[in-house]
Amino acid sequence: EIPGTDLDRDYEIPVYPTGEQSRLLSGHALERARSAQSSLDAEAVRKLVNLDVGPSGKRLFFPMGRYLGGGIGGLLVGATFAGAGWFLVVQEGQKFFGSIFGAVGALIAVFCVYLVFNSLEVVQTATGIRTTRRLLGIPIGGTELRRDRIAGLEKKSSMQTQSGGKHVVYYDIYARVLAGDKHKIAEGFRGESEATAAMALIAREFGIRTPVPGPNDDYDPLGDDVAAQPGKG
C-alpha cells in the first residue's frame, strides 16, 4: 500500500502442454502456485454466486443488476444509434439508412434492458436441479434436469468487454444431458479459471457426478469439460 494512483493490470499468457519439463521449478513450487490460484478463484466465485439453502435444497441465484455497468453503456450506444436514425429520417430525409440506424439502436436497447433486468435461479430438487429465468421478476423460461441424466458441465464464453487496456472474457456454465442438449445453469464468470472453479463448486454442492477419465484419456483442467481427477474431489 503506497499513496497515489492504483495500478491494476492483467496479462493473458497462453500456456500449451508440451513434452518438456522445467528444471528450474520444483513440483512442490508448482503445486503451491496452483493451490494459491485455486483459492483465489474459489474466493471470487463465492463472492459472485449467491448460494443458500431453501426448503427443497441448495439454491443459486443470479440477481437483476449484475450487468448494470455494461447495460448502461449499451443503452447509451443504442440511444446514439436511435438518435442518429431519427436525425437521418427527419432532418435529412434518408428514410432507408435512418431506419437501419434506428432498428439497430432499438435492438441494442432491448438487449441491454434484458441484460440488466433478468435474473436466473437454480434450485436443487429431489431428483436433480431446476432453473428459472425471470425478467423483472416475471418467469419467462426455465427447465428441470434429472441428476442422473446430466453427463457433465461445460463452460462457454458469452461476451467480452474492453476498458482501456483491460480485456475481460465472461463465461457461462451449461449442464450437458445424455441426449446431447445443453442448459445454462450459471453465468457471468470473469475468465476461464474462475469458470472452472465455479463448475467444481456447482458439481460439489449439487451432487453432480462428472466422468472420471480413463488411463488413456487426456485430462485438461481448463478444457470444456470438468472431470474429477483420480485422487481428487
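**Helices up close**

Guide: Helices H2 and H3 cross in a left-handed way (the near helix is turned anticlockwise from the far one by less than a right angle; clockwise would be right-handed). This is a predicted model, where local features need pLDDT of at least 70, side-chain atom pairs count only at pLDDT 80 or more, and totals for chains, interfaces and linings use all residues. Residues are numbered from 1 along each chain as its sequence is written, and side-chain values use heavy atoms, without hydrogens and water.

H2 covers residues 68-91 and H3 covers residues 95-117. Their axes come within 7 Å and cross at roughly 160 degrees. H2 and H3 are therefore roughly antiparallel (an angle over 145 degrees).

Now turn to H4, residues 192-205. Helices here are DSSP runs (H or I, at least four residues), numbered from the N terminus. At 1.5 Å a residue, the 14 residues of H4 should span 20 Å (1.5 Å times one less than the number of residues). The end C-alpha atoms of H4 are 20 Å apart, which agrees.

In H4, 10 of the 14 residues are buried, so the helix is largely enclosed by the rest of the structure. Buried means under 20% relative accessible area (1.4 Å probe, protein chains only). Among the buried residues are Glu194, Met199, Leu201, Ile202 and Glu205. Just after H4, glycine 207 has a positive phi of about 65 degrees.

How far does the confidence go? The protein averages a pLDDT of 77 (the predictor's confidence in each residue, from 0 to 100). In all, 77% of the residues score at least 70.

How values were computed. Helix = DSSP H or I, 4+ residues; strand = E, 2+ residues; numbered from the N terminus. Buried < 20%, exposed > 50% of the residue type's maximum accessible area, 1.4 Å probe, protein only. Axes fitted to C-alpha atoms, helices over the stretch in contact; angles between N-to-C directions. Parallel < 35°, antiparallel > 145°, perpendicular 65-115°, else oblique.
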